[in-house]
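Here is a short briefing on a structure. Look at the sequence and the 3D view first, then read the points below.

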Amino acid sequence: MMPNDKIIYAWVPGLPHLLRPDLNDGYRKLAQACRDLGSEFKRQGVSRILFYSTQWLSVLGQSVQARSRVSGLHVDENWYDIASLNFDFEIDSALVENLIVNSRQAGFQVRTVDYEGFPIDTGTIVANALLNSSGIKTAMYSCCVYSDYAETVKIGELAANAAMKLDGKTAIVAVSGLSGRYFTEVIDYKSDGIRDQKDDQWNQKLLASMNEGLWQNVASMRDDYIRSTKADMGLKALAFLEGAGACRPGRRLITKAYGAIYGTGAAVMVGA
Amino acid sequence: MQEVITGKILSGWLAPHPPHLVYAENPKQNAPKSRGGWETLRHAYQACRTSLKQKKPDVIIVHSPHWQTVVGHHVLCVPRLKGLSVDPIFPHLFRYEFDLSVDCELSQAIYDEGRASGLTMLKMEKPDFRVDYGTIVTLHMMNPDWDIPVVGISANNSPYFYDDDIAQDQMLRLGEATRRAIEKTGRRAVLAASNTLSHLHFSKEPNPDLPEDMSREHIFSQGQYEWDMKVIDMLREGDLKSYFDCLPRYMKETFAEVKAGSLTWMLSAMGMPKTGAQFHGYGSVIGTGNAVMEWDLEATS
(Lines give C-alpha, C1' and ligand atoms only; values in the text may rest on other atoms or scores of the structure.)
Protein backbone atom coordinates (compact mmCIF):
# COMPACT_ATOMS: atom_id res chain seq x y z
CA MET A 1 0.00 0.00 0.00
CA MET A 2 1.31 3.46 -0.87
CA PRO A 3 1.84 5.62 2.18
CA ASN A 4 -0.65 8.22 1.02
CA ASP A 5 -3.46 5.66 1.26
CA LYS A 6 -3.03 5.78 5.00
CA ILE A 7 -1.29 9.10 5.57
CA ILE A 8 -2.34 12.69 5.05
CA TYR A 9 0.44 15.28 5.11
CA ALA A 10 0.10 18.84 6.31
CA TRP A 11 2.26 21.80 7.28
CA VAL A 12 0.73 24.53 9.41
CA PRO A 13 2.00 27.56 11.35
CA GLY A 14 2.01 27.45 15.13
CA LEU A 15 1.93 30.97 16.48
CA PRO A 16 -0.94 32.01 18.75
CA HIS A 17 -1.85 34.96 16.57
CA LEU A 18 -3.95 32.49 14.58
CA LEU A 19 -6.27 32.18 17.55
CA ARG A 20 -6.93 35.91 17.36
CA PRO A 21 -8.45 36.38 13.89
CA ASP A 22 -9.84 39.71 15.07
CA LEU A 23 -6.34 41.19 15.04
CA ASN A 24 -5.53 40.82 11.36
CA ASP A 25 -7.28 39.51 8.27
CA GLY A 26 -4.22 37.46 7.34
CA TYR A 27 -4.39 35.61 10.65
CA ARG A 28 -8.08 34.95 9.98
CA LYS A 29 -7.32 33.44 6.55
CA LEU A 30 -4.56 31.21 7.89
CA ALA A 31 -6.74 30.07 10.77
CA GLN A 32 -9.66 29.35 8.46
CA ALA A 33 -7.42 27.28 6.19
CA CYS A 34 -6.38 25.25 9.22
CA ARG A 35 -9.99 24.73 10.25
CA ASP A 36 -10.87 23.64 6.70
CA LEU A 37 -8.00 21.18 6.88
CA GLY A 38 -9.35 19.88 10.16
CA SER A 39 -12.73 19.36 8.52
CA GLU A 40 -11.00 17.40 5.79
CA PHE A 41 -9.33 15.20 8.40
CA LYS A 42 -12.74 14.51 9.85
CA ARG A 43 -14.30 13.83 6.44
CA GLN A 44 -11.56 11.37 5.60
CA GLY A 45 -11.94 9.63 8.94
CA VAL A 46 -8.47 10.39 10.27
CA SER A 47 -7.82 8.21 13.33
CA ARG A 48 -4.89 10.13 14.77
CA ILE A 49 -2.72 13.20 14.25
CA LEU A 50 1.05 13.08 14.67
CA PHE A 51 2.48 16.52 15.41
CA TYR A 52 6.08 17.43 14.69
CA SER A 53 6.42 20.96 16.01
CA THR A 54 9.60 22.98 15.63
CA GLN A 55 8.68 24.68 18.90
CA TRP A 56 9.05 21.47 20.93
CA LEU A 57 12.81 21.34 21.17
CA SER A 58 14.98 18.57 22.52
CA VAL A 59 18.76 18.71 22.77
CA LEU A 60 19.83 15.35 24.17
CA GLY A 61 18.35 12.99 21.62
CA GLN A 62 14.69 12.67 20.68
CA SER A 63 11.56 12.88 22.84
CA VAL A 64 8.09 11.41 22.42
CA GLN A 65 5.08 12.49 24.44
CA ALA A 66 3.85 9.37 26.22
CA ARG A 67 1.31 10.57 28.78
CA SER A 68 -2.15 9.20 27.95
CA ARG A 69 -3.90 12.51 28.55
CA VAL A 70 -2.27 15.92 28.66
CA SER A 71 -4.30 18.95 29.64
CA GLY A 72 -3.80 22.34 31.20
CA LEU A 73 -3.34 26.03 30.56
CA HIS A 74 -0.33 27.37 28.70
CA VAL A 75 0.76 31.00 28.77
CA ASP A 76 3.22 31.66 25.98
CA GLU A 77 6.48 33.27 27.08
CA ASN A 78 6.37 35.81 24.26
CA TRP A 79 2.77 36.28 23.26
CA TYR A 80 1.06 36.08 26.65
CA ASP A 81 -1.02 39.18 25.90
CA ILE A 82 -2.62 37.59 22.86
CA ALA A 83 -3.85 34.31 24.21
CA SER A 84 -3.78 32.04 27.22
CA LEU A 85 -4.05 28.59 25.72
CA ASN A 86 -6.16 25.82 27.21
CA PHE A 87 -5.25 22.40 25.90
CA ASP A 88 -6.45 18.84 26.23
CA PHE A 89 -4.79 16.05 24.25
CA GLU A 90 -5.62 12.37 24.21
CA ILE A 91 -2.51 10.51 23.17
CA ASP A 92 -2.58 7.50 20.84
CA SER A 93 -0.57 4.99 22.86
CA ALA A 94 -0.19 2.54 19.97
CA LEU A 95 1.46 5.15 17.78
CA VAL A 96 3.63 6.28 20.68
CA GLU A 97 4.83 2.72 21.20
CA ASN A 98 5.64 2.33 17.52
CA LEU A 99 7.49 5.65 17.45
CA ILE A 100 9.66 4.64 20.37
CA VAL A 101 10.42 1.18 18.99
CA ASN A 102 11.20 2.52 15.53
CA SER A 103 13.40 5.29 16.93
CA ARG A 104 15.46 2.88 18.99
CA GLN A 105 15.75 0.45 16.10
CA ALA A 106 17.05 3.31 13.97
CA GLY A 107 19.72 3.99 16.57
CA PHE A 108 18.26 7.16 18.11
CA GLN A 109 18.38 7.89 21.80
CA VAL A 110 14.74 8.57 22.63
CA ARG A 111 13.16 9.65 25.90
CA THR A 112 9.50 9.13 26.73
CA VAL A 113 7.83 12.14 28.30
CA ASP A 114 5.18 11.25 30.85
CA TYR A 115 5.04 14.04 33.39
CA GLU A 116 2.26 16.10 34.91
CA GLY A 117 2.72 19.75 34.04
CA PHE A 118 4.99 19.15 31.08
CA PRO A 119 4.88 22.33 28.99
CA ILE A 120 3.33 21.37 25.68
CA ASP A 121 4.69 23.84 23.15
CA THR A 122 2.64 26.70 21.77
CA GLY A 123 2.85 25.41 18.20
CA THR A 124 1.29 22.04 18.95
CA ILE A 125 -1.44 23.63 21.07
CA VAL A 126 -2.35 26.18 18.41
CA ALA A 127 -2.33 23.62 15.60
CA ASN A 128 -4.43 21.18 17.59
CA ALA A 129 -6.93 23.88 18.53
CA LEU A 130 -7.51 24.70 14.87
CA LEU A 131 -7.26 21.24 13.28
CA ASN A 132 -8.80 19.01 15.85
CA SER A 133 -12.21 20.15 16.99
CA SER A 134 -13.46 16.58 17.28
CA GLY A 135 -10.90 15.25 19.75
CA ILE A 136 -8.93 12.98 17.44
CA LYS A 137 -6.12 11.17 19.25
CA THR A 138 -2.68 12.65 18.85
CA ALA A 139 1.03 11.97 19.18
CA MET A 140 3.99 14.36 19.43
CA TYR A 141 7.61 13.92 18.37
CA SER A 142 10.19 16.51 19.43
CA CYS A 143 12.36 18.61 17.14
CA CYS A 144 15.94 17.81 18.13
CA VAL A 145 18.14 20.86 17.76
CA TYR A 146 21.17 18.73 16.93
CA SER A 147 19.50 16.48 14.35
CA ASP A 148 20.55 17.90 11.01
CA TYR A 149 18.44 17.85 7.86
CA ALA A 150 19.47 14.32 6.86
CA GLU A 151 18.85 12.90 10.32
CA THR A 152 15.46 14.62 10.48
CA VAL A 153 14.55 12.98 7.17
CA LYS A 154 15.26 9.61 8.83
CA ILE A 155 13.06 10.57 11.76
CA GLY A 156 10.23 11.47 9.40
CA GLU A 157 10.65 8.11 7.72
CA LEU A 158 10.50 6.13 10.94
CA ALA A 159 7.48 8.17 12.05
CA ALA A 160 5.58 7.35 8.87
CA ASN A 161 6.48 3.69 9.25
CA ALA A 162 5.18 3.80 12.81
CA ALA A 163 1.88 5.17 11.55
CA MET A 164 1.69 2.68 8.68
CA LYS A 165 1.66 -0.24 11.10
CA LEU A 166 -1.64 0.93 12.55
CA ASP A 167 -5.16 0.63 11.24
CA GLY A 168 -6.82 3.75 9.96
CA LYS A 169 -5.50 7.01 8.58
CA THR A 170 -2.87 9.17 10.24
CA ALA A 171 -2.42 12.87 9.61
CA ILE A 172 1.26 13.75 9.83
CA VAL A 173 1.39 17.46 10.60
CA ALA A 174 4.53 19.57 10.69
CA VAL A 175 3.99 22.71 12.76
CA SER A 176 6.44 25.36 11.67
CA GLY A 177 6.93 28.68 9.95
CA LEU A 178 8.74 29.66 6.77
CA SER A 179 10.98 32.75 6.79
CA GLY A 180 11.93 33.42 10.38
CA ARG A 181 12.64 37.13 10.56
CA TYR A 182 10.40 38.59 13.27
CA PHE A 183 9.67 42.22 13.86
CA THR A 184 11.60 43.09 16.99
CA GLU A 185 9.52 46.13 17.90
CA VAL A 186 5.93 46.33 19.02
CA ILE A 187 3.75 46.60 15.92
CA ASP A 188 0.13 47.33 15.20
CA TYR A 189 -1.17 43.87 14.29
CA LYS A 190 -3.22 45.36 11.49
CA SER A 191 0.00 46.39 9.77
CA ASP A 192 1.66 42.96 10.00
CA GLY A 193 3.44 41.78 6.88
CA ILE A 194 6.49 39.78 5.81
CA ARG A 195 9.35 41.71 7.34
CA ASP A 196 11.63 41.69 4.33
CA GLN A 197 10.47 41.75 0.73
CA LYS A 198 13.24 39.30 -0.18
CA ASP A 199 11.90 36.88 2.42
CA ASP A 200 8.51 37.13 0.78
CA GLN A 201 10.02 36.41 -2.64
CA TRP A 202 11.91 33.41 -1.25
CA ASN A 203 8.78 32.08 0.44
CA GLN A 204 6.75 32.40 -2.75
CA LYS A 205 9.47 30.65 -4.73
CA LEU A 206 9.66 27.77 -2.28
CA LEU A 207 5.89 27.40 -2.09
CA ALA A 208 5.58 27.47 -5.89
CA SER A 209 8.00 24.57 -6.24
CA MET A 210 6.28 22.60 -3.52
CA ASN A 211 2.90 23.26 -5.11
CA GLU A 212 4.21 21.79 -8.36
CA GLY A 213 6.01 18.92 -6.69
CA LEU A 214 9.33 20.10 -8.11
CA TRP A 215 11.36 18.48 -5.37
CA GLN A 216 14.65 18.81 -7.18
CA ASN A 217 14.11 22.57 -7.31
CA VAL A 218 13.27 22.58 -3.63
CA ALA A 219 16.44 20.67 -2.83
CA SER A 220 18.51 23.04 -4.96
CA MET A 221 17.24 26.20 -3.29
CA ARG A 222 16.96 24.81 0.23
CA ASP A 223 20.31 25.89 1.70
CA ASP A 224 20.11 29.36 0.17
CA TYR A 225 16.54 29.72 1.38
CA ILE A 226 17.49 28.75 4.93
CA ARG A 227 20.45 31.11 5.03
CA SER A 228 18.69 34.02 3.34
CA THR A 229 15.43 33.94 5.28
CA LYS A 230 16.61 32.62 8.66
CA ALA A 231 14.10 29.86 8.04
CA ASP A 232 12.33 28.43 11.05
CA MET A 233 14.58 25.71 12.53
CA GLY A 234 16.45 25.23 9.27
CA LEU A 235 13.39 23.82 7.49
CA LYS A 236 13.34 20.72 9.69
CA ALA A 237 9.60 20.64 9.04
CA LEU A 238 10.32 19.98 5.38
CA ALA A 239 12.90 17.35 6.30
CA PHE A 240 10.40 15.56 8.50
CA LEU A 241 7.69 15.60 5.82
CA GLU A 242 10.20 14.54 3.19
CA GLY A 243 11.19 11.53 5.28
CA ALA A 244 7.54 10.74 5.90
CA GLY A 245 6.97 10.53 2.16
CA ALA A 246 5.30 13.85 1.33
CA CYS A 247 7.95 14.85 -1.21
CA ARG A 248 8.15 11.76 -3.36
CA PRO A 249 7.86 12.11 -7.15
CA GLY A 250 4.28 12.80 -8.12
CA ARG A 251 3.38 14.25 -4.77
CA ARG A 252 2.88 17.90 -3.95
CA LEU A 253 2.33 20.20 -1.03
CA ILE A 254 -0.50 22.53 -1.95
CA THR A 255 -0.70 25.97 -0.36
CA LYS A 256 -4.12 26.66 1.14
CA ALA A 257 -3.17 29.99 2.68
CA TYR A 258 -0.05 32.12 2.96
CA GLY A 259 0.59 35.18 5.05
CA ALA A 260 2.68 36.88 7.69
CA ILE A 261 2.80 36.44 11.44
CA TYR A 262 4.78 39.19 13.15
CA GLY A 263 7.05 39.52 10.15
CA THR A 264 7.66 35.81 9.61
CA GLY A 265 6.28 33.74 6.75
CA ALA A 266 3.44 31.32 7.43
CA ALA A 267 1.58 28.88 5.21
CA VAL A 268 -1.03 26.19 5.50
CA MET A 269 -0.16 23.33 3.18
CA VAL A 270 -1.68 19.94 2.51
CA GLY A 271 -0.21 16.96 0.72
CA ALA A 272 -1.61 15.80 -2.60
CA MET B 1 15.07 69.87 43.58
CA GLN B 2 17.58 67.09 43.18
CA GLU B 3 16.25 63.53 43.35
CA VAL B 4 17.31 61.62 46.49
CA ILE B 5 19.14 58.46 45.57
CA THR B 6 19.28 55.79 48.23
CA GLY B 7 19.24 52.42 46.48
CA LYS B 8 22.33 50.46 45.54
CA ILE B 9 23.64 47.20 44.16
CA LEU B 10 25.25 45.15 46.90
CA SER B 11 26.72 42.44 44.75
CA GLY B 12 26.44 40.64 41.45
CA TRP B 13 26.72 36.93 40.79
CA LEU B 14 27.51 34.92 37.75
CA ALA B 15 24.98 32.24 38.60
CA PRO B 16 24.54 29.45 36.02
CA HIS B 17 21.32 27.51 35.81
CA PRO B 18 21.78 23.86 34.83
CA PRO B 19 18.74 22.08 36.31
CA HIS B 20 21.10 19.26 37.21
CA LEU B 21 22.25 21.30 40.21
CA VAL B 22 18.76 21.42 41.73
CA TYR B 23 18.18 17.77 40.85
CA ALA B 24 21.43 16.81 42.55
CA GLU B 25 20.50 18.67 45.73
CA ASN B 26 17.14 16.91 46.22
CA PRO B 27 15.15 19.87 47.57
CA LYS B 28 11.57 19.21 48.61
CA GLN B 29 10.24 21.39 45.77
CA ASN B 30 11.70 19.16 43.05
CA ALA B 31 9.98 15.83 42.32
CA PRO B 32 12.84 13.83 40.77
CA LYS B 33 15.38 12.50 43.25
CA SER B 34 19.07 11.83 42.70
CA ARG B 35 22.16 10.35 44.28
CA GLY B 36 23.93 13.72 44.15
CA GLY B 37 26.48 14.98 41.67
CA TRP B 38 28.04 18.23 40.40
CA GLU B 39 29.23 18.98 43.96
CA THR B 40 31.93 21.44 42.90
CA LEU B 41 29.36 23.84 41.54
CA ARG B 42 26.87 23.21 44.31
CA HIS B 43 29.49 23.93 46.95
CA ALA B 44 30.39 27.10 45.10
CA TYR B 45 26.81 28.28 45.44
CA GLN B 46 27.11 27.85 49.21
CA ALA B 47 29.20 31.02 49.27
CA CYS B 48 26.32 32.87 47.66
CA ARG B 49 23.82 31.55 50.17
CA THR B 50 26.01 32.65 53.05
CA SER B 51 26.55 36.07 51.51
CA LEU B 52 22.83 36.65 51.01
CA LYS B 53 22.10 35.77 54.64
CA GLN B 54 24.66 38.38 55.71
CA LYS B 55 23.71 41.12 53.28
CA LYS B 56 19.94 40.67 53.61
CA PRO B 57 19.12 42.37 50.28
CA ASP B 58 15.65 43.70 49.50
CA VAL B 59 15.55 41.98 46.14
CA ILE B 60 17.37 39.62 43.77
CA ILE B 61 17.19 40.57 40.10
CA VAL B 62 17.85 37.76 37.67
CA HIS B 63 18.36 37.93 33.91
CA SER B 64 17.59 34.55 32.33
CA PRO B 65 18.49 33.21 28.87
CA HIS B 66 15.67 30.69 29.15
CA TRP B 67 13.00 33.34 29.09
CA GLN B 68 13.80 34.18 25.52
CA THR B 69 11.77 36.98 24.03
CA VAL B 70 11.52 38.11 20.44
CA VAL B 71 10.16 41.59 21.01
CA GLY B 72 12.05 43.61 23.56
CA HIS B 73 12.95 43.03 27.19
CA HIS B 74 10.24 41.74 29.50
CA VAL B 75 9.99 41.95 33.27
CA LEU B 76 7.91 39.80 35.58
CA CYS B 77 5.25 42.05 37.05
CA VAL B 78 2.85 39.85 39.04
CA PRO B 79 3.10 40.09 42.85
CA ARG B 80 3.10 36.34 43.37
CA LEU B 81 3.85 33.58 40.88
CA LYS B 82 3.23 30.02 41.91
CA GLY B 83 3.07 26.75 40.05
CA LEU B 84 4.88 23.75 38.65
CA SER B 85 7.81 24.41 36.34
CA VAL B 86 8.74 21.36 34.28
CA ASP B 87 11.85 21.78 32.21
CA PRO B 88 10.93 20.98 28.58
CA ILE B 89 14.48 19.79 27.90
CA PHE B 90 15.18 17.88 31.13
CA PRO B 91 11.73 16.93 32.47
CA HIS B 92 13.19 13.84 34.12
CA LEU B 93 15.44 16.10 36.24
CA PHE B 94 13.42 19.22 36.93
CA ARG B 95 9.77 19.35 37.98
CA TYR B 96 9.82 22.12 40.52
CA GLU B 97 7.00 23.65 42.60
CA PHE B 98 7.87 27.33 42.61
CA ASP B 99 6.36 30.07 44.72
CA LEU B 100 7.96 33.45 44.40
CA SER B 101 7.22 37.05 45.32
CA VAL B 102 7.93 39.68 42.72
CA ASP B 103 8.98 43.22 43.60
CA CYS B 104 6.55 44.80 41.15
CA GLU B 105 7.43 48.36 42.11
CA LEU B 106 11.00 47.70 41.04
CA SER B 107 9.81 45.83 37.92
CA GLN B 108 7.80 48.90 36.97
CA ALA B 109 10.82 51.12 37.58
CA ILE B 110 13.06 48.95 35.37
CA TYR B 111 10.35 49.02 32.71
CA ASP B 112 10.13 52.82 32.94
CA GLU B 113 13.88 53.37 32.92
CA GLY B 114 14.35 50.96 30.03
CA ARG B 115 11.76 52.79 28.00
CA ALA B 116 13.39 56.09 28.85
CA SER B 117 16.61 54.63 27.41
CA GLY B 118 14.87 53.86 24.15
CA LEU B 119 14.53 50.13 24.76
CA THR B 120 11.42 48.15 23.95
CA MET B 121 10.13 47.02 27.34
CA LEU B 122 7.11 44.90 28.26
CA LYS B 123 5.56 43.87 31.55
CA MET B 124 4.44 40.27 32.00
CA GLU B 125 1.28 40.53 34.09
CA LYS B 126 -0.35 37.12 33.61
CA PRO B 127 -0.71 35.26 36.92
CA ASP B 128 -0.68 31.82 35.23
CA PHE B 129 2.71 32.42 33.64
CA ARG B 130 5.10 29.47 34.01
CA VAL B 131 8.41 30.89 35.16
CA ASP B 132 11.32 29.50 33.14
CA TYR B 133 13.72 27.01 34.64
CA GLY B 134 16.73 29.31 34.18
CA THR B 135 15.22 31.86 36.52
CA ILE B 136 14.12 29.24 39.04
CA VAL B 137 17.36 27.24 39.11
CA THR B 138 19.50 30.34 39.60
CA LEU B 139 17.22 31.68 42.33
CA HIS B 140 17.00 28.31 44.09
CA MET B 141 20.73 27.81 44.06
CA MET B 142 21.27 31.32 45.43
CA ASN B 143 18.48 31.34 47.96
CA PRO B 144 16.62 28.05 48.51
CA ASP B 145 14.53 29.67 51.25
CA TRP B 146 12.87 31.96 48.69
CA ASP B 147 12.46 34.62 51.38
CA ILE B 148 13.73 37.51 49.27
CA PRO B 149 11.51 39.12 46.59
CA VAL B 150 12.73 38.86 43.03
CA VAL B 151 12.52 40.53 39.65
CA GLY B 152 12.89 38.38 36.54
CA ILE B 153 14.10 39.89 33.28
CA SER B 154 13.88 38.10 29.93
CA ALA B 155 16.69 37.69 27.43
CA ASN B 156 15.85 39.41 24.19
CA ASN B 157 16.97 37.00 21.48
CA SER B 158 18.33 39.55 19.02
CA PRO B 159 21.83 38.00 19.17
CA TYR B 160 20.45 34.84 17.65
CA PHE B 161 18.84 36.73 14.79
CA TYR B 162 21.10 39.67 14.14
CA ASP B 163 24.65 40.19 15.25
CA ASP B 164 26.37 40.10 18.58
CA ASP B 165 26.90 43.84 18.84
CA ILE B 166 23.24 44.84 18.54
CA ALA B 167 22.14 42.87 21.54
CA GLN B 168 25.19 43.51 23.70
CA ASP B 169 24.60 47.22 23.14
CA GLN B 170 21.02 46.78 24.30
CA MET B 171 22.20 44.84 27.34
CA LEU B 172 24.51 47.71 28.28
CA ARG B 173 21.58 50.10 28.21
CA LEU B 174 19.34 47.64 30.05
CA GLY B 175 21.98 47.34 32.77
CA GLU B 176 22.20 51.11 33.19
CA ALA B 177 18.41 51.33 33.29
CA THR B 178 18.32 48.61 35.95
CA ARG B 179 20.84 50.49 38.08
CA ARG B 180 18.86 53.72 37.87
CA ALA B 181 15.68 51.86 38.80
CA ILE B 182 17.38 50.35 41.85
CA GLU B 183 18.68 53.74 42.92
CA LYS B 184 15.38 55.51 42.44
CA THR B 185 13.35 52.90 44.31
CA GLY B 186 15.85 52.77 47.16
CA ARG B 187 16.40 49.04 46.91
CA ARG B 188 19.41 47.17 48.22
CA ALA B 189 19.71 44.73 45.35
CA VAL B 190 21.71 41.65 44.44
CA LEU B 191 22.02 40.85 40.74
CA ALA B 192 22.23 37.45 39.10
CA ALA B 193 23.46 36.79 35.58
CA SER B 194 22.02 33.35 34.88
CA ASN B 195 24.65 32.39 32.33
CA THR B 196 26.67 29.32 31.58
CA LEU B 197 30.06 30.12 30.05
CA SER B 198 31.00 27.81 27.15
CA HIS B 199 27.86 26.13 25.94
CA LEU B 200 28.72 23.39 23.49
CA HIS B 201 27.43 20.20 25.07
CA PHE B 202 26.79 16.52 24.50
CA SER B 203 24.03 15.67 22.04
CA LYS B 204 23.12 12.47 23.87
CA GLU B 205 22.80 11.71 27.55
CA PRO B 206 26.03 10.01 28.62
CA ASN B 207 24.14 7.65 30.93
CA PRO B 208 20.36 7.90 30.54
CA ASP B 209 19.82 5.53 33.47
CA LEU B 210 21.90 7.63 35.86
CA PRO B 211 22.07 11.31 34.84
CA GLU B 212 24.26 12.04 37.89
CA ASP B 213 26.91 9.54 36.79
CA MET B 214 29.95 11.72 37.44
CA SER B 215 32.27 9.24 35.77
CA ARG B 216 30.70 10.38 32.49
CA GLU B 217 30.80 14.12 33.14
CA HIS B 218 33.53 16.21 31.54
CA ILE B 219 33.99 19.44 29.63
CA PHE B 220 32.96 19.21 25.98
CA SER B 221 36.45 19.95 24.63
CA GLN B 222 39.89 21.09 25.72
CA GLY B 223 39.52 24.20 23.58
CA GLN B 224 36.30 25.09 25.36
CA TYR B 225 37.98 24.58 28.74
CA GLU B 226 40.90 26.81 27.82
CA TRP B 227 38.55 29.55 26.65
CA ASP B 228 36.61 29.39 29.92
CA MET B 229 39.78 29.62 31.97
CA LYS B 230 40.96 32.61 29.96
CA VAL B 231 37.64 34.39 30.50
CA ILE B 232 37.53 33.53 34.20
CA ASP B 233 41.02 34.96 34.62
CA MET B 234 39.99 38.22 32.94
CA LEU B 235 36.97 38.52 35.21
CA ARG B 236 39.04 37.72 38.31
CA GLU B 237 41.54 40.38 37.36
CA GLY B 238 38.83 42.93 36.59
CA ASP B 239 40.15 43.21 33.06
CA LEU B 240 36.80 43.91 31.45
CA LYS B 241 38.36 45.58 28.44
CA SER B 242 40.07 42.33 27.45
CA TYR B 243 36.89 40.43 28.23
CA PHE B 244 34.72 42.57 25.97
CA ASP B 245 37.41 42.61 23.28
CA CYS B 246 37.44 38.83 23.06
CA LEU B 247 33.71 38.34 23.68
CA PRO B 248 32.64 38.01 20.00
CA ARG B 249 35.29 35.33 19.39
CA TYR B 250 34.51 33.57 22.64
CA MET B 251 30.81 33.45 21.77
CA LYS B 252 31.54 32.19 18.29
CA GLU B 253 34.04 29.49 19.22
CA THR B 254 32.32 28.09 22.32
CA PHE B 255 28.71 29.10 21.67
CA ALA B 256 29.05 30.81 25.06
CA GLU B 257 25.72 31.46 26.70
CA VAL B 258 26.86 34.93 27.72
CA LYS B 259 25.67 35.70 24.20
CA ALA B 260 22.20 35.96 25.73
CA GLY B 261 23.43 39.10 27.43
CA SER B 262 22.93 38.35 31.11
CA LEU B 263 26.54 38.95 32.13
CA THR B 264 26.83 42.08 30.01
CA TRP B 265 23.63 43.40 31.59
CA MET B 266 24.98 42.75 35.07
CA LEU B 267 28.42 44.24 34.47
CA SER B 268 26.81 47.33 33.00
CA ALA B 269 24.43 47.67 35.95
CA MET B 270 27.42 47.46 38.29
CA GLY B 271 29.16 50.25 36.38
CA MET B 272 31.80 47.96 34.87
CA PRO B 273 33.65 47.30 38.14
CA LYS B 274 37.40 47.67 37.96
CA THR B 275 37.99 45.29 40.81
CA GLY B 276 38.05 41.62 40.04
CA ALA B 277 35.41 39.03 40.76
CA GLN B 278 35.82 36.43 43.42
CA PHE B 279 35.85 32.96 41.91
CA HIS B 280 33.93 30.31 43.87
CA GLY B 281 33.96 27.32 41.57
CA TYR B 282 33.87 25.88 38.07
CA GLY B 283 32.40 22.69 36.73
CA SER B 284 30.97 21.09 33.64
CA VAL B 285 27.36 20.01 33.19
CA ILE B 286 26.67 17.76 30.18
CA GLY B 287 29.83 19.28 28.73
CA THR B 288 29.06 22.99 29.25
CA GLY B 289 31.39 25.20 31.30
CA ASN B 290 29.91 26.84 34.40
CA ALA B 291 31.43 29.21 36.94
CA VAL B 292 30.02 30.75 40.09
CA MET B 293 31.60 34.19 40.58
CA GLU B 294 30.90 37.17 42.80
CA TRP B 295 31.38 40.90 42.54
CA ASP B 296 31.02 42.20 46.09
CA LEU B 297 30.47 45.92 45.55
CA GLU B 298 30.02 46.63 49.26
CA ALA B 299 33.44 45.20 50.06
CA THR B 300 34.92 47.18 47.20
CA SER B 301 33.42 50.46 48.37
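This is a predicted model: local features need pLDDT of at least 70, side-chain atom pairs count only at pLDDT 80 or more; totals for chains, interfaces and linings use all residues.

Residues are numbered from 1 along each chain as its sequence is written, while chains are lettered from A and ligands numbered from 1 in the order in which they are written.

**Chain A**

- Chain A has eight helices and 10 strands. Helices (H or I, at least four residues) and strands (E, at least two) are DSSP runs, numbered from the N terminus.
- Its radius of gyration is 17 Å, close to the 19 Å that the globule rule gives for 272 residues, so chain A is as compact as a globular protein of that length. The radius is taken over C-alpha atoms, and the rule is 2.2 Å times the number of residues to the power 0.38.
- The C-alpha trace of chain A spans about 45 × 40 × 40 Å along its principal axes.
- Of the 272 residues of chain A, 56% count as buried. A residue is buried if 20 or more other C-beta atoms lie within 10 Å of its own, exposed if 12 or fewer, and partly exposed in between; the C-beta atoms are placed from the backbone.
- Take the contacts in chain A with a separation of 6 or more: residues 24 or more positions apart account for 81% of them. Two residues are in contact if their C-beta atoms, placed from the backbone, lie within 7 Å.

**Chain B**

- Chain B holds 10 helices and 10 strands.
- The C-alpha trace of chain B spans about 65 × 40 × 40 Å along its principal axes.
- Of its 301 residues, 53% count as buried.

**Where the chains meet**

- The contact takes 25 residues from chain B and 23 residues from chain A.
- On the chain B side, strand S2 (59-69), strand S4 (80-86) and helix H5 (158-161) each give two or more residues.
- That side divides into 13 nonpolar, five polar and seven charged residues. Ala, Val, Leu, Ile, Met, Phe, Trp, Tyr, Cys and Pro count as nonpolar, Asp, Glu, Lys and Arg as charged, and the others, Gly among them, as polar.

**Helix packing in chain A**

- Helix H5 (residues 149-164) of chain A packs against helix H8 (residues 236-244) of chain A at about 45°, with their axes 6 Å apart. That makes H5(A) oblique to H8(A). Oblique covers the angles left over when under 35 degrees is roughly parallel, over 145 roughly antiparallel and 65 to 115 roughly perpendicular.
- Axes are lines fitted to C-alpha atoms, for helices over the stretch in contact, and angles run from 0 to 180 degrees between N-to-C directions.
- The contact of H5(A) with H8(A) has nine nonpolar, three polar and four charged residues.
- Helix H3 (residues 93-105) of chain A packs with H5(A) at about 135°, and their axes are 9 Å apart. H3(A) and H5(A) are therefore oblique to each other.
- Leu95(A) and Leu99(A) are among the H3(A) residues that meet H5(A). This contact has six nonpolar, four polar and no charged residues.

**One residue: Ala150(A)**

- Ala150(A) sits in helix H5 of chain A.
- Is Ala150(A) buried or exposed? Ala150(A) is exposed, because 9 other C-beta atoms lie within 10 Å.
- Ala150(A) and Phe240(A) are 90 residues apart in sequence, yet 9.3 Å apart in space, C-alpha to C-alpha.
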